[in-house]
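Student: Could you take me through one part of this model closely, namely its nonpolar interior and what surrounds that interior?

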Amino acid sequence: MTREDAVVVIGLGRFGSSLALELMKSGTEVLGIDGDADIVQAHNGLLTHVVRADSTKEETLRQLGVADFSSAVVAIGGDIQANILTASLLIKLGIGNIWAKAVSEPHGAILDQLGVTHVIYPEKDMGKRVAHLVRGVMQDYLEIGENFAMVKMAPPQETVGIPLGKSRVRPVHGVTVTAYLRDGAGWNYTTLETVLEADDVILVAGETERVEAFSRLR
């Protein structure tokens, strides 16, 4: 029977460990697999189950019941061959939702060709995110899709003290202020009547270049 409420994470390095622990915090059961005895020992008691095993062996994965999981993450980063072979075995076992870490574009292309559901580039994506934060005044940045982003930032002066509808943010700048955070009041969705204050924090969504330009307004 497929386990819909659990995830197997293979490779418990920095990325795999962080992901597995975050899944645990959200109430998801996690089976962690790694070939390093010290790493496995370090995660003992932190994950639902953690075992030392060679994920490139099909029989080993079957014995661990990996085929019963509906979701799996291949977080192996240091051994590309092991990463690819593990991903191919997970596909062979019939796991429908596979996330695999790629360390380069060619590596990612191979995973795509294998049929991996989701190919992710943690280092590349984090580098892009930090670059956006460094060169702007953004407090946080999230890229959504090919050319769309959401930014957390302070409101530009031109948007403060007047209703958002009158500030004409969308027609002038091509972005949308979707929500705002006010001290003591928490997050709230914006309306055309929302009047922002200088100490507010806002969430802005739109095309990446437009959001970046808007974040540089003072």
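**The largest nonpolar core**

Within the largest nonpolar core, which has 26 residues, the members that touch the most other members are Val-8, Ile-33, Leu-61, Val-66, Leu-90, Leu-111 and Val-116. A nonpolar core is here a set of buried Ala, Val, Leu, Ile, Met, Phe, Trp, Tyr and Cys residues joined through side-chain atoms within 4.5 Å, where buried means under 20% relative accessible area, exposed over 50% and partly exposed in between, with a 1.4 Å probe and protein chains only. At least two residues of this core come from each of strand 1 (3–10), strand 2 (29–34), strand 4 (69–74), helix 4 and strand 5 (97–101); helices (H or I, at least four residues) and strands (E, at least two) are DSSP runs, numbered from the N terminus. Helix 4 gives the most to this core, with 5 residues. Apart from this core lies another, of 15 residues, including Tyr-141, Met-153, Leu-164 and Val-169.

This is a predicted model, in which local features need pLDDT of at least 70 and side-chain atom pairs count only at pLDDT 80 or more, while totals for chains, interfaces and linings use all residues. Residues are numbered from 1 along each chain as its sequence is written, and side-chain values use heavy atoms, with hydrogens and water left out.

Val-8, leaving aside residues up to four places away in sequence, touches Leu-31, Ile-33, Val-66, Phe-69, Ser-71, Ala-72 and Val-73, contact meaning heavy atoms within 4.5 Å.

Helix 4 itself covers residues 80–92, and its 13 residues reach 18 Å from the first C-alpha to the last, close to the 18 Å expected at 1.5 Å a residue, the expected span being 1.5 Å times one less than the number of residues. Its buried residues are Ala-82, Asn-83, Ile-84, Thr-86, Ala-87, Leu-89 and Leu-90. At the start of helix 4, the backbone nitrogen of Gln-81 has a side-chain oxygen of Asp-79 within 3.2 Å. After helix 4 comes Gly-94, with a positive phi near 90°.

Turning to helix 5 (residues 105–114), one finds Asp-112 there. Asp-112 counts as partly exposed because its relative accessibility is 49%. Between the C-alpha atoms of Asp-112 and Arg-168, which are 56 residues apart along the chain, the separation is 43 Å.

Methods: Polar contact = N/O pair within 3.5 Å; in protein donor to acceptor, adjacent residues only side chain to side chain.
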